[in-house]
Structures are given as C-alpha cells and as structure tokens.
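Open the file in your viewer and keep the selection tool at hand. The stops below go from one chain to the other.

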Amino acid sequence: MSFVNMSQDNLETTPARRHFLLQASALAASVCLPHSMAWAADKKSARRIVSIGGALTEIIYALGASQELAGVDTTSLYPEAATKLPSVGYARTLSSEGILALAPNHVIATEDAGPPAVLRQINAAGVPVTILAANDKFEGVLERVTRLGTLIDRPMQAAQLVEKMKADWQRAREPILARKSPAPRVLFILSHSPGQVMVGGKGSSAEAMLHYVGAQNAVQGFDGFKPLTPEAVIAAQPDVVLFTDQGLSIVGGVDGVLKLPGVAQTPAGQKRRVASLEAMFMLGFGPRMPQAVTALDNALLKVMST
Amino acid sequence: MSATAGAISLTSRFTTGLLNRPVWFLSLVLLLCFWVAAWAGAVPVTTDDWLVLWRHDEPLTSGAYVLWNLRLPRILFAALVGAVLGLSGALTQGLFRNPLADPGLLGVTSGAACAAALTIVVLAGSGIDIPVAWRFWILPLAAFAGAVGVCLLLDTVARWLTADSIAGLLLTGIALNALAAAIIGLCTYLATDEQLRSLTFWTLGSLAGGSWPLVGTLLVLLLAAIWYVRRLVSAMNALALGEAAAAHVGINVRHLRRRVIILVALLCGFSVAWCGVIGFIGLVAPHIVRLVIGPDQRRLVPLAMLVGAIILLVADTTARIVAIPAEIPVGIFTALLGAPFFLALLTSVRKGG
C-alpha cells in the first residue's frame, strides 16, 4: 500500500532538490563575495543625490543644487521641474536596485522612507543614506535647511536661505500676531477617497499650521488624524472647514463638503465657509512655509468675511 | 473542483510523457523564470558580472554587486516563499477538505499581522527605548511569534471546544481570525499617521528583504518540511475520504492535524514575518494543479510548490521591472497575473470535460 511511502517519482523530482543544487552553489559563492565592499560609486565624481521627500527636494532646489538630483520620490511635486526627474516611487515602497541603478552617491530621505531592509541594502552597497527627520515647527524646517546645506556642501546658500526664510516668516507672522479678533475655530479634513474622510486632531501637522496663523483647531478630543464622525463634527462647531485642494475635489467641491455627515449643522456649513490649499504647499513644511502661512491666513480671512 | 472529489489514485507513478510528468515541465519553466529574472532589472548585468566569483580580487562593478548581493538572493527568496505558500496551501486544503481553505484560515496571516500591528503601534507608542541594532529584527520576530502562537492557540482552543472535529477547527479559525482582525482594527484606530502607513505597507507584502541568510534559512526549513511531508501526504489522501474513513484505514487524524498545523505555522510564519502578507498563492496554486492532475496529494504537493514558486517569481520580477526605478507592491501582481490564468485554466478544463 502506498499509504506509507510517497512514490519514487515524486521523491526524485521534488522542486526543493532542484532548488538545492542551484542554491547551494550560489550560497557557497556568496560567502566568497566581499560584502562590505561595494558599490563602485566614484566619490570624487559629480555628486548624485536621490531625494526622498517632497520638502527635501524643495530645499535642494532652493539651494540651487537641482542639477545634482539623480532621482526623487512621488511626493516631490514642487517645483514642476522635479516631476520630470526619474521617480523612485512612493517613499514607503522603495526598490534598492532601482535606486542603485541611478548611480547615486548619496540618498537623503525623511524618516518615512522604507522598507527598512531596502535602506540597509543601499547603505551596504556603499551609498550613504541620511535620514533627516521631519518637524512641524518652523525652527525644525530651518534646522533641516542648515543640515541639508552641510550635507551637500552648500552651507553659504543654506545660510542665505535661512536668513531669507526668517525675514519672510517675520513678515508673514506680524499681521497675525497684531490681530485682535478672536481666533476662528477651524476643522481640517483630509480625504484620500470619498469614503475615507479624516479629521486632523491634536498634534497633527494641520494643527501646527493652524497655530501659526492664529486659528484654533476645532477638534481637541484625540491625537493625529482620525476618521470623521458626524457627532464629533457637530460637537466641534467649526467656523471654517479647511481642506487640501486634492481633498476638496475628491469630496466634490463646496457642495460635496456640505453633504458630509454633520457639516451642514455647523456654523461653517451654514455659511458655506470652506477653504482649501494645495497639500504639499500647506503641509509640506519646506522652504515655502512662510508663504504658506500667509496664504492660509488670507484664505481663512476671506471665508470668515463672508 | 473540490478537494474531496475523486478517489485516491494509485497508478499515477506509472504514467509517462512530458504532460503526464508535469514536475519536469514545471521545473523547466521555473528554471526559465530564474534565467529571465536574473537578467531583468534596473541595473544592467553583463556576462562578466556572472563570472565575477572566479576573480574576487578586482573591485566589483555595479552590475556584479547588484546581481550577487541583491538580485539573486531576492529571486531565490521569491521562489522559496512561493513554494512555501504553495505547500502550505495544498496541506491546508487537504486538512480541511475544503477548496476555499488557505493558510490564512489557520491564523498564520492574521496572527502575524496582529503581532506586527501591536509592535508598530503599542510598542512604539509605549516609549520603551529599543536598541538600534534590535529595531530591524523586532518586527519580523514578533510577526513570526504571532503567526506560530495564533496557529497553536487555534489548534488548542478548537480541540478543547469541539473535540477533534475538523469542521470545528475551521469554525474556530474563522472566529479567531475575526478576533485578530478586531485587534488590528483597534491598533489602526490608535495608530498615528506614520504608524498607519507603516502598517499598511507591511500588510501589502514585499520581497525586498531577501538576503542570502534568509534564503539559506528558508531553504533548510523547506527541505526539512519536504522530508516530513513525504510521510504525511498518503495519510492526507486517506483523509480526503473523511475523518472516519481515514481513522478506519489506520490514520491517526489527531496527530496528522497537529503535524500539518505546526508545519504550516512554521513555514508560513517565517515567510509572512519577512515578506508581509502575500495572498492568493496559497489558495490558487493547489487549485491550478488540481485542475490539471487531480486531487492526489502525493502529486499535488510537489506541483503546488512549483506552481507557487513560478507565480511568485513571475509576479515579483514584474513588480521589479514595470516601473523602473520604482517598484510596485508584489501582492498586486500575484493576483493580477494569477487570477486571469486561473480563470482561463478553469474554462478550458470545463470545456474539455
């Protein structure tokens, strides 16, 4: 009875045996490979940077180092020219081989970049990977500019950019600080698809921007972004609903916003006070942050005056 | 097509000819896939890069580095993970005598995902300072522990609640999966924006982590499993007739069930821990084989491994090369390439009677 033994035919041809021959030789071979050695990247030749993170790309452009960019990720949408560069894909699903194929000698990334195994592989191939953590504070942005300037040998340009940003910041913040009117309550809504609507709570990047324009985040009950619930929206009683441009068009413009559960029962809904800004501009925390503060302030003032 | 349909074939070993010996045919296809996958990629590879092993003194070219340190371990890893998923799928469907069963039903996937979610959200949120050197290992280790833990828990709970009934195992599995899904949902709700994205991309699955040590470990695991399964497959054929019938021909169903669960937990747990969730293969690879050669487990198991290896290798290679220099999550392609193929096979088999 063949209940006991598997047929001989199957034994001989199990795929693993086939694999084994192939892999045993490859495995033995790999031991001989100089692992730590590496990538034949010539450190003296022109710098080639892969930038992973929209804000980092923006800073690199602002420092006048755009010609050193070998590749960017999908969030690098500004300036327009950055979208013409080779794209290494979404920051979370990077490909080690794809990035190495661009022959970079430096990969600069936000802490979003991943998967971690890929970053390790790139590093092991002899291409340094520098992670520049993001920060919702203006001071954090300045620090990032300075660090990036050092990394790509443009400390002078970085210092100039920091000075310029500080001056712009002063100009942007002055009217806001001088204003005496009560802070409007703003509800920030993030929407990637019509069925997926999130609200920015405490400590979210949206709240940081609202704080800088002297507005108040209408939602205080939770941290970060959470799904929108009608009761929470009504309880928040926002004076203004704020969107990203992309999110506003997804939910179907101002009329679409009013159809979102709960919004019609708030002061913002009753007076059709809906504002929006481009996502990377408003929440990118890059060199355009002072301009973003002014633009957000103007947008809020405009809807509040209606 | 159901796993219970058809009797145990005792004559299959005597068949001849290429199509009657699909193992040879599929092995050839797999080798061809290896060949294509090794040459395809973002960095061009030359014949010299293959020969670099025999001349280690000179500095490596980029092609040689990528080929030997990134691409080869990755494609071998992809094929091994595919084989593991095919094997686990065949064993699970055989155990449950249910064509809709896949290794996920035993809680492997949800257990790993649950542990991963808890690690990403709770551990990171608790503020415990984990040494940098451990950070890379902690997620796969937790996921592996979660996969194996939930599998064994499922077996124990099911045995306790429903005696030795396999239908009971199935139902308990569904309940436990729902429970795990609830915990994942809770973690998703508690997660910060960044943790949420980590979690989402972990569940999408990726073979980017493939390295020689992983290939070696998985190969040893798979070889040991094949050695072990060799003695189980005939018993599983008997199980296809029903638990009572299997017991009558002298099969200890309880032992068989325990062994299959441990095997699937270890194999699938390992691959899920390193690659995240790669669905579809465990479910469909055994079906593809069964459509062509019938339900005999002795032939089904090796062929399901080969088919799984081929599907995952082709899917991963496609994921690597369609958007150079970017990469697309592999889970998209396993279903995108596998599902139409499966449907085509289904219609042709039905038409041909």
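**Two domains in chain A**

Select residues 49–157 of chain A for domain 1 and residues 179–304 for domain 2, the two domains into which chain A is divided. This is a predicted model. For the complex, the predictor gives an ipTM of 0.77 and a pTM of 0.80.

Where the two meet, 13 residues of domain 1 of chain A are in contact with nine residues of domain 2 of chain A.

The largest share comes from α3(A), with five residues.

Of the 306 residues in chain A, 46% are buried. If you take the contacts in chain A between residues at least 6 apart in sequence, 61% of them join residues at least 24 apart.

**Chain B, beginning with the confidence**

Switch to chain B and colour by pLDDT. The mean for chain B is 83, and 92% of its residues reach 70 or more. Residues 1–19 of chain B stay under 50 in pLDDT, and the model has 32 contacts beyond four places in sequence for them.

**Helix α1 of chain B**

Next, select residues 22–39 of chain B, which form helix α1. Why is a distance of 26 Å between the end C-alpha atoms of α1(B) what the residue count leads you to expect? At 1.5 Å a residue, the 18 residues of α1(B) should span 26 Å, so the distance in the model agrees.

Show side chains on the helix. Val23(B), Leu26(B), Ser27(B), Leu30(B), Cys33(B), Phe34(B) and Ala37(B) are the buried residues in α1(B). Turn the view to look down the axis of α1(B): its buried residues fall within an arc of 120 degrees, so they line one face of the helix. On the other side of α1(B), select Leu28(B), Leu31(B), Leu32(B) and Trp35(B), which are exposed.

For the last stop, go past the end of the helix. Gly41(B) follows α1(B) and has a positive phi, near 160 degrees.

Terms used. Residues are numbered from 1 along each chain as its sequence is written. Chains are lettered from A and ligands numbered from 1 in the order in which they are written. This is a predicted model: local features need pLDDT of at least 70, side-chain atom pairs count only at pLDDT 80 or more; totals for chains, interfaces and linings use all residues. A residue is buried if 20 or more other C-beta atoms lie within 10 Å of its own, exposed if 12 or fewer, and partly exposed in between; C-beta atoms are placed from the backbone. Two residues are in contact if their C-beta atoms, placed from the backbone, lie within 7 Å. pLDDT is the predictor's confidence in each residue, from 0 to 100. Domain bounds come from an automatic or database domain assignment. Helices (H or I, at least four residues) and strands (E, at least two) are DSSP runs, numbered from the N terminus. The expected span of a helix is 1.5 Å times one less than its number of residues. The arc is that of the directions from the helix axis to the C-beta atoms.
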